Amino acid sequence: MGRRRSSAVTLTDVAGLAGVSVATASKALNARDQVAPATRQRVLQAAAELSFQPNVLAKGLISGRTRTIGLLTDELGGRFSIPILLGVENSLGNEQMSVLLCDARGDAIRRQHYIRTMIARQVDGFIVIGDSNDQRPSLTQDIPVPVVYVYGESTDPADLSVLADDEGGGRLAGEHLVSLNRRRIGHITGPQSYRAARDRATGLAGVLAEAGLTLAGDRPLFGEWSQHWGRHAARTLLTADPTVDAIFCGNDQIATGVVEALLDLGRRIPQDVAIVGYDNWEVFAADCRIPLTTVDLNMERLGATAVQQLFAALDGQRPSGVIRQPCRLVVRESTGPLPRS
């Protein structure tokens, strides 16, 4: 006998096959804590056997929710919004929820218009995406539903912000280079006005201090997030300190420029100078002339964490403060142990 058509299957059918009450079946399918694991498995097995699909609209009507999340960004076409969006969309899709996406493009008037529009559409909550992991003005007072900020810290400590741990990422890079017996480590990064650049420099400085080392060139070289700056700064650094044996770069674009400059100067990578980038932006990191070891922010996981925290808020919790998500090191050919003399 074939499976019944999902359109004809009800929660009562699932409960009957599993031998539980309708209320228990509902709790099991909605992953509530009050159901024993064996009972939950029996209900899930019955639902699969009957090809049961819950009526999302009906669930929304019962709960008073639209099962839609408003996603507000200022740079949809930028480097970071898309992977965060993918993490958000994947997490919401698993819960049969949808995203209403709006790109304010950095315009305050457009941003307020979109907030009003999404509120009128009765979204259940907001996720606000930043573009620099830096602080941004809180929008919460204008929004009557829970809000989570991701890759941008709200200025209001009562809000919840999910950030990449840039200081921890700088430590990862420094610890990796020190473990390879590199002792003359320089740092080339982006504008000092960016908190991410300052935090990465702080992380590296902490590792060097713990190892009894000083920064090659005596100070970080702050500049632009560009290959051009990487090429220029690499030449400046090696002129000031020809003994440099490693360089930690503030992003993969800078690192690509550094690699080009060093190769032009006849330096071998990684034998003479090891290079670590940041972001794991594959168009630069994986396709560089010497594929880059780099720090991965794992932006999709940032998006998924934001959804998890928003669900907690929708369930009545009031999370606040800052969650700093650890980065991870991706090792490629641009780093290796310092060869023995």
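Close-up 1. R318 has a relative accessibility of 69%, so it counts as exposed. Exposed means over 50% relative accessible area, buried means under 20%, and partly exposed lies in between (1.4 Å probe, protein chains only). The model is predicted: local features need pLDDT of at least 70, side-chain atom pairs count only at pLDDT 80 or more, and totals for chains, interfaces and linings use all residues. Residues are numbered from 1 along each chain as its sequence is written, and side-chain values use heavy atoms, with hydrogens and water left out. R318 sits in the loop between α12 (299-314) and β13. Helices (H or I, at least four residues) and strands (E, at least two) are DSSP runs, numbered from the N terminus. Along the chain, R318 and D159 are 159 residues apart. Their C-alpha atoms are separated by 8.9 Å.

**Close-up 2. Helix α1 and its buried side.** Helix α1 covers residues 11-18. Which of its residues are buried? They are V14, A15 and A18. These residues cover an arc of only 95° around the axis, which puts them on the same side of α1. The arc is that of the directions from the helix axis to the C-beta atoms. The buried residues of α1 pack against α2 (22-29) and α3 (37-49). Contact here means heavy atoms within 4.5 Å. T12 and G16 are exposed, on the face turned away from the buried side of α1. Just after α1 comes G19, with a positive phi of about 75°.

**Close-up 3. The six-stranded sheet.** Six strands form an open sheet with parallel pairing, in the order β2-β1-β3-β5-β7-β13. Two strands pair if DSSP finds at least two bridges between them. β2 (98-103) and β13 (321-325) are the edge strands, and each pairs on one side only. Neighbouring strands of this sheet are turned by 20° against each other on average, direction ignored. Helix α6 (residues 108-120) lies across β1, β2 and β3 and runs at about 180° to β1. Axes are lines fitted to C-alpha atoms, for helices over the stretch in contact, and angles run from 0 to 180 degrees between N-to-C directions.

**Close-up 4. Strand partners inside the sheet.** β1 (residues 68-73) and β3 (residues 125-129) pair in the parallel sense over five bridges. The bridge partner of L72 is V128 in β3. β3 also pairs with β5, in the parallel sense, over four bridges. Here I129 has V150 in β5 as its bridge partner. Three bridges join β5 to the parallel strand β7 (residues 160-164). In β7, V162 stands opposite V150. Strand β5 (residues 147-150) is covered on both faces. V147 and Y149 are buried on one side, V148 and V150 on the other.

**Close-up 5. Aromatic pairs.** The count comes to three aromatic pairs. Rings of Phe, Tyr and Trp (its six-membered ring) pair if their centres lie within 6.5 Å; planes under 30 degrees apart count as stacked, over 60 as edge-to-face and the rest as tilted. One of the pairs is F248 and Y278, which is tilted, with 6.1 Å centre to centre and 50° between the planes. F248 lies in strand β10 (residues 246-249) and Y278 in strand β11 (residues 274-278), so the pair ties together parts that are 30 residues apart in sequence. F248 and Y278 are buried. W281 and F284 have ring centres 5.2 Å apart and planes at 75°, so this pair is edge-to-face. W281 is partly exposed, with a relative accessible area of 29%. F284 has 16% relative accessibility and counts as buried.
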